[in-house]
Amino acid sequence: MSEPQHLIRVKAQLQAKRMPLYQKLIRWMWRLLLGGVAAVILFLLFLNFTAIPSFRDLEDPKSALASEVLANDNREVLGRYFRENRVPVAYEKLNPHLVKALVSTEDERFFEHCGIDYRAIGRVAVRTVLMGDKSAGGGSTITQQLAKMLYSDRNFTGMNKLQKAGALVYRKLREWITAVKLERSYTKEEIIALYLNQVDFVNNAVGVQSAAEIYFDKDQKDLEIQEAALLVGMLQNPAYFSPLRNPEKCLRRRQVVLNQLRKHGHLSEAQYDAYRLKPIDMSRFKKILYGYDKAPYLCASLAEELKRMLNQPEYRKPDGSKYDLYRDGLKIYTTIDPAYQDHAEAAMREQMKKLQERFFTVWKGRDPWTYRSGNATDAEIENRKNSFWELVRSTERYAAIRPRYLDAISERIQEKYDMEELRDVDILRMLREDKKSGAMAEMMRVGEVSSSQGAVYRRIMAGADWPILKKQWTDLLAFTERTLKTPVEMKVFTWDNPQCEKVTRMSPWDSLRYHRMFLQTGMIALDPGTSEIKAWVGGIQFKYFKFDHTNTERQVGSTFKPFVYATAISQQGVSPCFQVYDNPVTIPGRYQHFSHVSDWTPKNSTGSYSGARLTLRDALKNSVNSVSAYLMKQLGDTEPVRGLVNNMGIDSSARRRDGQYRIPQQPSICLGVADLTVQEMAGAYATFANKGMYGKPYVIRKIEDKNGRVVFRSIPEERAALAENANYVMVDMLKYNVKGAPGVNTLKSEVGGKTGTTNDYSDGWFVGITPRLTVATWVGGDDRWMRFLSLGDGQGAKMARPIFAGFIQRLEKDPNSGYDYNARFVRPAGDLGIEIDCGAYLNGPSPTGDEEEFSPDIYNDEVPPEGEPPAPAKPGQKPVRKPDDDFGN
């Protein structure tokens, strides 16, 4: 039936009315299409001309240049930074097994495509993205992987998901264009050689030649098929498929490569079966470590600082790209004086060798991990055991054992609970909750575990996999302990020869314990006038003990007390000759501006009070806690002291991981309860040696690139911290501290300083000053219970001060060191306003005030045997100190 005419007319009118809209939509669609095409073309052109290397760059790739750390003479090399232990190999000399394995496994159509394999991209899009098949493989060609290694920056740190996606697309497109350019600039054979010469096989093996030498101790041309397959298998993720850390994963990956060789006709079935059954042999593996000749701890510490610095926009190349510390041939000019560094190392070695002999004698027949002294609790002994197992879990042997026990269950748990990785720390946290209900809640309360982590942990513990995981973990630890307790021939550290190394037969378990029992040290020497660090000693020997102790936080003990005295002298004008009785001092809770709640009454290190009337300088010299508490009470607040140390370079606003201030707002800071670093203490004491002016210590003078362009130049920072007159009073007191002290009393230099010893003798400190040098030295164990057992052995005067004395003595005897031992501290012109002549001061009126509150004068400053109170002086007897007495703690 035909449509009515009036409806036809209405539709025609509507169509005529809508036609302009249709035409407009069509025009916009064409504009969008053409605009999109144009935008893509412009974007690709932009990439091509801005982010992609030119043909000249590709055809003439520059070799990576090592960056050098130079001493203050601008000539002596203290160390080098380089990524590549690399020996380039031409394609003609490459092992054919390597080439076949590489192409068969990584890019089977390598000789057919132009740098981008569109079939592989399609496979990834369909099977991996749409179907979720993670085993479908990747889509990158060998050429793209080379482009990624040579030119792409894939750091997504600090980006959100949208930014990461955009950056990934941008870099992938750049990578594709670079791959096409590589194909146009090089032959296929040259690309394979470039790739195999560039890839990092970890363990300081860059390039296939170095990898063959390190893993198999042979030239790459002599590699057998299964060895070539192992190296090619590592390419997907060298650390993950490492034959040392993950041998079982490495074995499975090697079988994948061998299967690809069989699939492409390079191996027969019989050959494939024979090669896949061969075990991985790492018996000829040789680890190559690159140390530094002069200042190893300095160079290792600087590496992290330099990487952070070079990541900042103001320190980039002229084209805006980042410098690579390991490839760009930078020159880092430092303040380190080679002569000072040599003498510092020599003084350290001399003292630490003697100290270690005594330490082993003290601990003979005792086990530091189970020894109980003082108030050691069961929880503390358990913590010691746990800390040792942390050492065990950091070993390569443990890493090699772990996969066979935990890989299967870990992969199941990771997939089931959507975890990226099931770590040892995750298992340990769940075991803590399993052992003691409520432990997880406490971990969440203190921020150790997030709420989402806690929820996942609880789901795992409630599931069927938890008993299996616990059993596998228990079996892993048992097998690890049995394995590590099997004696083998090994090299260990020793002080018995100049090489500091010997070959012995020992179990790895005992080796860990043996090395952990070596006392360590940290030492910084700086010029107080310029704030330049002249020597940097981070430990006793870098090869075996890589942790830098100049930056570790340890309790400073009595070395903090001069800051309290300086505050009192500066703010209250008190004389060092002012006398205070050695009696108990109580600072009540909430007293004046203090914030502590309970009354606080500190004890002296002897556990008793002499009742003697002490001058402030005698009290400081002998580290009398009651007098430090008296001064703190007179100040009425912790803020004056915290403010002074802040001006002296110790940030009083900084907080510890637990949220508490590093310099606590508690009166106990007057006894040195704060944990600070050797560098901080050196900088703070340098203020005393520099007329009260604080200068921020620095070690990098300038950085230049390979073309001589200055990338960074240090600008000294200085500020007034202490009034010059009060500062000179403190210098006089510090000089009095070491007057007659063994080792120091024979020096030609004018010397001041303070020792420090912490609870249970865990830390021994000495910070010394001369007009030309400030030296902070710490000695102790990496574990705080690794310590001497008596004050006679463990005080700072015995452990740390001899290093300072030996160092200064060596500088004085070396006519070429440039050290000026004739320099003297300069007294400010005019009247100090503070009396430092105690003879004149004590002949004046008594300064103590309320006499009825004080005991009779029974002071005798001779240091008593440990545990005994000081003997009272006879009436009228003057305190006498023998020249060779050891002062303070």
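**Exercise 1. Determine which backbone nitrogen a side-chain oxygen of N95 reaches at the start of helix 3, and how enclosed this helix is.**

Solution. At the start of helix 3, the backbone nitrogen of H97 has a side-chain oxygen of N95 within 2.8 Å. A polar contact is a pair of N or O atoms within 3.5 Å; within protein, one must be able to donate a hydrogen and the other to accept it, and residues adjacent in sequence count only if both atoms are side-chain atoms. Helices (H or I, at least four residues) and strands (E, at least two) are DSSP runs, numbered from the N terminus. The model is predicted, so local features need pLDDT of at least 70 and side-chain atom pairs pLDDT 80 or more, whereas totals for chains, interfaces and linings use all residues. Residues are numbered from 1 along each chain as its sequence is written, and side-chain values use heavy atoms, with hydrogens and water left out.

Next, consider burial. Buried means under 20% relative accessible area, exposed over 50%, and partly exposed in between (1.4 Å probe, protein chains only). Among the buried residues are L98, V99 and A101.

**Exercise 2. State the strand order of the open sheet of 5 strands, and identify the strands at its edges.**

Solution. The order is 7-6-18-17-16, with antiparallel pairing. Strand 7 and strand 16 (752–757) stand at the edges; each has a single partner strand, so one side of each is left without a neighbour in the sheet. From one strand to the next, the twist averages 5°. Two strands pair if DSSP finds at least two bridges between them. Strand 6 and strand 18 (residues 774–780) run antiparallel and are joined by 7 bridges. The partner of A525 in strand 18 is V775. Helix 26 (residues 724–737) packs on the sheet, touching strand 16 and strand 17 (763–769), and its direction makes about 65° with that of strand 16. Axes are lines fitted to C-alpha atoms, for helices over the stretch in contact, and angles run from 0 to 180 degrees between N-to-C directions.

**Exercise 3. Locate the salt bridge between R284 and D217 in the chain.**

Solution. The structure holds 43 salt bridges. In one of them, the side chains of R284 and D217 meet at 3.7 Å, N to O. R284 lies in the loop between helix 11 (269–276) and helix 12 (296–310), and D217 in the loop between helix 8 (208–216) and helix 9 (225–234), so the pair ties together parts 67 residues apart in sequence. R284 is partly exposed, at 45% relative accessibility, and D217 is partly exposed, at 36%.

How values were computed
Contact means heavy atoms within 4.5 Å. A salt bridge is a side-chain nitrogen of Lys or Arg within 4 Å of a carboxyl oxygen of Asp or Glu.
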